[in-house]
Amino acid sequence: MAKKKQEKSKQAKASKKSARKVVKLAPKKAAAKKVNGNGLPRPSSKPWGQAGKALTGVRILDFTHVQSGPTCTQLLAWMGADVIKVERPGVGDITRGQLVDVKGADSLYFTMLNHNKRSITIDSKHPQGKRVLDELVKKCDVLVENFAPGALDRMGLTWEHIHKLNPRMIVASVKGFGPGPYEDCKVYENVAQCAGGAASTTGFRDGPPLVTGAQIGDSGTGLHLALGIVCALYQRTRTGRGQRVLCAMQDGVLNLCRVKLRDQQRLAHGPLTEYSQYSEGIPFGKAVPRAGNDSGGGQPAWLLKCKGWETDPDAYIYFITQAPVWNEIADLIGEPTWKTDPDYATPKARLPRLKKIFARIEEWTMTKTKFDVMEICNKVDIPVGPILSMKEIAEEPSLRKTGTVVEVDHPTRGKYLTVGNPIKLSDSISEVKRSPLLGEHTDEILKDVLKLSAKDIAEIKNSGALSAPKKEEKAA
Ligand code: COA
């Protein structure tokens with residue numbers, strides 16, 4: 001009691017003091033405004049903020065083609081690097097002319113992988129072309145390539161040659177396989193998906209292996225390579241030396257499939273109880289099976305039909321029966337007894353009954369659209385995901401707002417949609433600039449980067465090192 005009295009009198013004194021004291025508060029600073037609705041703080045107005053980008057000052061000699069390498073250099077370009085794409089005169093990156101939709105214009109395949117880059121045409125096998133390339137090696141920080149094994153060496157651009165010209169140069173490559181029995185093989189996306197363990201673990205148990213629509217071999221490896229390059233650039237700030245960076249597509253895919261290698265080892269200790277195969281009583285073989293739409297994690301999940309599924313191929317929802325919200329699920333679908341019934345109340349008890357459980361949940365989801373299910377479930381924290389078609393994604397306003405889907409204008413094809421930089425930095429804002437026309441910046445690069453005179457440029461041009469062989473010119 002005495003203690004309480006003391007405390008009360010202390011409080012009273014303190015409140016009297018504070019009543020007398022006039023504390024002048026500094027005006028509250030307005031909260032940082034969001035940029036483009038991307039949820040990040042405003043970029044700094046200090047030097048190197050706003051106008052500067054994360055990789056401003058880094059120059060990339062981009063020898064990439066098709067998808068894996070271009071994905072990597074496009075990311076670096078979005079982060080502010082000056083990416084100089086070297087292309088074969090007359091032809092360029094083969095994708096310029098692949099899957100053409102607008103006659104006479106670069107394909108979407110090319111434009112969507114080569115934003116924010118500059119293009120120079122150089123015949124890398126022409127003696128004068130080799131000289132230009134050597135000069136560019138001296139002026140660049142990173143060389144990125146994804147030629148077939150040995151092609152860069154055959155151009156004379158061996159690691160030794162490059163390193164002698166520019167010891168700070170980082171040389172980064174995508175190859176299909178790392179050192180070993182397949183190192184000399186040419187590889188495309190689906191070869192990597194097959195060799196990296198994705199195809200054998202994708203699809204339904206009673207069907208053949210499946211490749212996925214996500215380009216985990218090409219774009220996935222390009223992403224890995226970009227990280228390797230940024231790490232090498234960071235290490236160079238301490239060592240002053242460049243280094244080789246290699247990403248094999250098989251390794252990149254396997255890295256993305258690591259949960260399946262996890263399951264391979266778990267198989268030695270018994271059946272994979274979260275796979276629906278277990279609840280169906282089908283024995284496991286020696287290797288990780290295809291798991292259909294089972295969840296890859298510890299929370300059982302499945303793809304369920306929604307209202308309209310009979311006519312709309314994308315009227316589905318991915319439904320995760322996360323243990324902490326089991327009670328909410330049971331209430332929603334009208335099975336409140338499942339909250340206490342020992343056959344359903346615990347995750348372990350539910351495992352052998354997953355097929356029946358998902359069939360019951362589906363009865364409920366089929367009465368609602370995928371967006372209704374999303375809204376109802378999110379209110380009670382049940383994790384679900386509507387199957388979105390590419391049409392729905394292209395038209396989704398929130399993705400446009402964050403710059404994830406961007407409309408770009410192109411001089412020969414007009415307006416088109418592309419995927420913007422998925423990595424958002426608050427002080428390094430990406431604007432998506434159209435891809436370059438073939439050789440669009442040849443003169444500019446020779447002049448501004450190599451500081452060549454008009455006379456030198458004319459001489460190189462006359463040598464034929466920057467243009468397509470005459471025969472092709474005639475044919476055109
Ligand atoms: N000037 C002159 N020659 C050039 C040139 C230029 N500017 N640019 C490329 N070339 C030449 C190369 O030197 C090579 O010639 P060579 O074989 O006589 O030495 C030739 O063009 C073809 O290169 P290559 O990489 O073999 O192309 P390809 O079309 O035959 O193969 C791939 C394509 C993708 C299969 C192969 O490059 C590859 O396996 N790359 C590594 C893995 C990879 O990235 N795959 C995914 C692609 S999305």
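**View 1. Thr 121 and the residues around it.** Setting aside neighbours within four places in sequence, Thr 121 touches Glu 87, Arg 88, Pro 89, Leu 438, Gly 439, Thr 442 and Leu 466. Keep in mind that this is a predicted model.

View 2. As for where Thr 121 belongs, look to strand E3, which covers residues 117-121.

**View 3. The open sheet that holds E3.** How many strands does this open sheet have? There are 6, lined up as E3-E2-E1-E4-E5-E6, and the pairing is parallel. E3 and strand E6 (244-248) are the edge strands, each with pairing on one side only. On average, neighbouring strands here are turned by 20° against each other, ignoring direction. In general, strands of a sheet pair through backbone hydrogen bonds, in either a parallel or an antiparallel way.

**View 4. Strands E5 and E6 side by side.** Strand E5 (residues 170-175) and E6 run parallel, and 5 bridges join them. Which residue of E6 is the bridge partner of Val 174? That's Cys 247.

View 5. Helix H9 takes in residues 249-256 and lies across both E5 and E6. Compared with E6, helix H9 runs at about 65°.

Conventions: Residues are numbered from 1 along each chain as its sequence is written. This is a predicted model: local features need pLDDT of at least 70, side-chain atom pairs count only at pLDDT 80 or more; totals for chains, interfaces and linings use all residues. Side-chain values use heavy atoms; hydrogens and water are left out. Helices (H or I, at least four residues) and strands (E, at least two) are DSSP runs, numbered from the N terminus. Contact means heavy atoms within 4.5 Å. Two strands pair if DSSP finds at least two bridges between them. Axes are lines fitted to C-alpha atoms, for helices over the stretch in contact, and angles run from 0 to 180 degrees between N-to-C directions.
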